[in-house]
Amino acid sequence: MKQKSRWVLVFYDILIFLLSSVVILLVYPSNVMDRLTLEMAGVYASVCFCCLFLLRIFLKVYKQIWRYAGPSAYMTMLTSDGIATVIVVIIRDFLPYSTTIVRTVSLFTINLLFCLAIRLIYQWVYQNRATKSFLEKALLFLLKTTTGISFSAEKEAEASRIKIAIIGAGSVGALLADELLQNPKAAYVPVCFVDVDKAKVGRVLYGLPVLLNDETLKDKLKSYSVQEVVFALPNVSNERRAELFQIYKSFGYKLKTYDYPLMSTDDNGKRQIHDFNIEDLLFRSVTQFLNEETMDWYRGKSVLITGGGGSIGSELARQIAKCGPSRLVILDIYENGAYDIQQELKSRYGDQLNLRVEIANVCDKKKIQKIFSDHTPDIVLHAAAHKHVPLMERNVCEAVTNNVFGTLNVVETCEEFKVKRFIMISTDKAVNPTNVMGATKRMCEMIVQSRKGTPTSFSATRFGNVLGSNGSVIPLFKRQIANGGPITLTDKRIIRYFMTIPEASQLVMTSGAMAKNGELYVLDMGKPVKILELAENMIRLSGLEPYKDINIVETGLRPGEKLYEELLIKSEELDKTDNNMIFVERDHPLSAEEIQQKLDILKAALETQSNRVVKKALMDVVPTYHNPEEVNEKAVQAEEMRIAAGQ
């Protein structure tokens, strides 16, 4: 069909040129005796024809698919015909027969005008092939009759497409409309825009009306048979996005957004129509940390990621792979996660990425030493840890063994093999911890901060809950909604800080690149989120009503759980970095001797294999470890709770 369309177009271009030549060179009257005889006109027209069509072929005008043509395609044609005109004007005095410059330019201009016109008509009819106006149906019939090209199959497909209203008549909305109108296989077809800019309202964009977002909007959308609503508002404030979300959800429409799929591993830099992701649901700005300078810091280096098959570790692997490391080593004890990220990276990069996968436990120091000896890493990103709070409350010995002494093994091995940089991933639960997991992470932070005078530069990066990670509340809520409810909350007062997996991994990489030694980095994560509101929004996002279709019930706080998380230890000094979203906490690091005393206490406790004894020892060595009941009793006074309540 495309080959047939091309030759049909060439035929019409030749026909237009012949008609233009006859009119300009033979018929058009003039007081100046510059009209040619039939023989002269034939010779001159042949020269013009050769120049014109050779330039069009050279500049690939006939390789354009004109039904999808944009400004660049039309500029190419203008350029080719313009150059051909200049050439003929220059050589006309050397030809046996010629005419005036005015008549020559007129010939090329009239010809170009009609050639552009038939292309625009063809494109317009194609884009409006599903409409029912008399003019469009007449042009469609004429085009089919004269060219033999039929749009009937595509017209039938058009009727089955989902009709959408695009919220936002700006550049992104226009881009989406153009993309959908040009693609006959797209699942969506835009029927109108909605905007608040009165300069745009009432006008037409790509043949679609721009409606005003007012009290009559619901009826207007119904009149256009809108089935779904797509947000194309990349720069709108979070508060305004939340407001619009509630408005259109109350209309009963399924809502989608046209944006970069940040939670997806398909990092192709292209906007897509997709369901509202969790970061859209939270209506928080997603921060991009990576810049060229940071990527250059990882480029050409050997990087090892412990826990590389986990949620954070696998995203770190994706981000590091984009930087072009000399070698990327994924270390994990869980083979399925390591295998999944290995296959993903091999599929994406092939032999361009020097990728190695090691299955090992960080508690096995001899195995860790062997891996470091084989791969000689320059940078170690330490993401391996037990992190599930309730499980660690019941498995205290394992939590201390894996999190504390596993981290110690990796730290000491880094020093032994002169690794340049060690970056540990920590958590907001390490701030005034009320559970075993948080306390072990705080102990790891103290170990990292105490390492001085070694070839390795150490740092730790602390952040809040990660959206979509293994064990996070979001997948749990999704499963509960899919099963018909209820959604279970331990306490409806609970608040948490959230960030996306790409944000978390980029923070780790950025802070690691800027680290000197012993720093503890913290991200400004904005306002904390009420988990109850998150659950209610997720239910609404699924097209259901909270407490009517899906109930929300409290189950009681779990062991070690507190109502709010803190990001900053208030008594410590807080320094700003060059990145205004990253801060440094600088408490007084303990000496190596003090750390060793704490480790000896924990080792002795582990000898008993008693969870109770080990937990008591952990409370002794981590002075900020508090009883959760004491903290929760005073939660109403906490600054984080007041911020979440909007006070």
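# Chatting through rings, sheets and cores

Reader: How many aromatic pairs are there in this thing?
Author: The count comes to 10 aromatic pairs. Keep in mind that this is a predicted model.

Reader: Ok, can you show me one? How do Phe17 and Phe53 sit relative to each other?
Author: Phe17 and Phe53 pair edge-to-face, with 6.4 Å from centre to centre and 85° between the planes. That counts as edge-to-face because the angle is over 60 degrees.

Reader: Why give both a distance and an angle?
Author: Because a pair of aromatic rings is described by the distance of the centres and the angle of the planes.

Reader: And which helices do Phe17 and Phe53 lie in?
Author: Phe17 belongs to helix α1 (residues 2–27) and Phe53 to helix α2 (residues 38–58), so the pair ties together parts that are 36 residues apart in sequence.

Reader: Are Phe17 and Phe53 buried or exposed?
Author: Both Phe17 and Phe53 are buried.

Reader: Which residues form an aromatic cluster with Phe17?
Author: Phe49, Phe53 and Tyr62 form one aromatic cluster with Phe17.

Reader: What sits over the ring of Phe53?
Author: The charged end of Arg56 does, 5.3 Å from the centre of the Phe53 ring. There's also Lys301, whose charged end sits over the ring of Trp297, 5.2 Å from the centre of that ring.

Reader: Switching topic: sheets. What order do the seven strands come in?
Author: The seven strands make an open sheet in the order β3-β4-β2-β1-β5-β6-β7, and the pairing is mixed. At the edges are β3 and β7 (272–275), each pairing on one side only.

Reader: How many bridges are there between β1 and β2?
Author: Six bridges, with β1 (residues 162–167) and β2 (residues 188–195) pairing in the parallel sense. If you want to find them in the structure, Ala165 has Cys192 in β2 as its bridge partner, and Lys163 has Val189.

Reader: What's the unit that β1 and β2 make with helix α7?
Author: β1, helix α7 (residues 171–182) and β2 make a right-handed β-α-β unit.

Reader: What about β5, how does it run next to β1?
Author: β1 and β5 (residues 228–231) run parallel and are joined by four bridges. There, Ile164 has Glu228 as its bridge partner.

Reader: And which strand is joined to β2 by three bridges?
Author: That's β4 (residues 208–212), which runs parallel to β2. Val194 is bridged to Leu211 in β4.

Reader: Do β3 and β4 pair parallel or antiparallel?
Author: Antiparallel, over two bridges, with β3 covering residues 204–205. β3 and β4 form a hairpin with two residues between them, and Tyr206 in the turn has a positive phi of about 55°.

Reader: Now the inside. How many residues are in the largest nonpolar core?
Author: It has 40 residues, and those with the most contacts inside it are Tyr298, Leu328, Leu345, Leu381 and Phe463.

Reader: What is Leu381 in contact with, beyond its neighbours within four places in sequence?
Author: Among its contacts are Val303, Leu304, Ile305, Ile423 and Val508. A second, separate core of 26 residues includes Met392, Cys397, Met437 and Val621.

Reader: Last one: what's the big picture for the protein?
Author: There are 24 helices and 22 strands. Of the 647 residues, 51% count as buried. Among contacts with a separation of 6 or more, residues 24 or more positions apart account for 74%.

Terms used:
Residues numbered from 1 in each chain as written. Predicted model: local features only at pLDDT ≥ 70, side-chain atom pairs only at ≥ 80, totals over all residues. Heavy atoms only, no water. Phe/Tyr/Trp six-rings, centres within 6.5 Å; stacked < 30°, edge-to-face > 60°. Buried < 20%, exposed > 50% of the residue type's maximum accessible area, 1.4 Å probe, protein only. Lys NZ or Arg CZ within 6 Å of the ring centre and 35° of its normal. Core = buried A, V, L, I, M, F, W, Y, C linked by side-chain atoms within 4.5 Å. Contact = heavy atoms within 4.5 Å. Pairing = 2+ DSSP bridges. Right-handed = clockwise from strand over helix to strand, strands pointing away.
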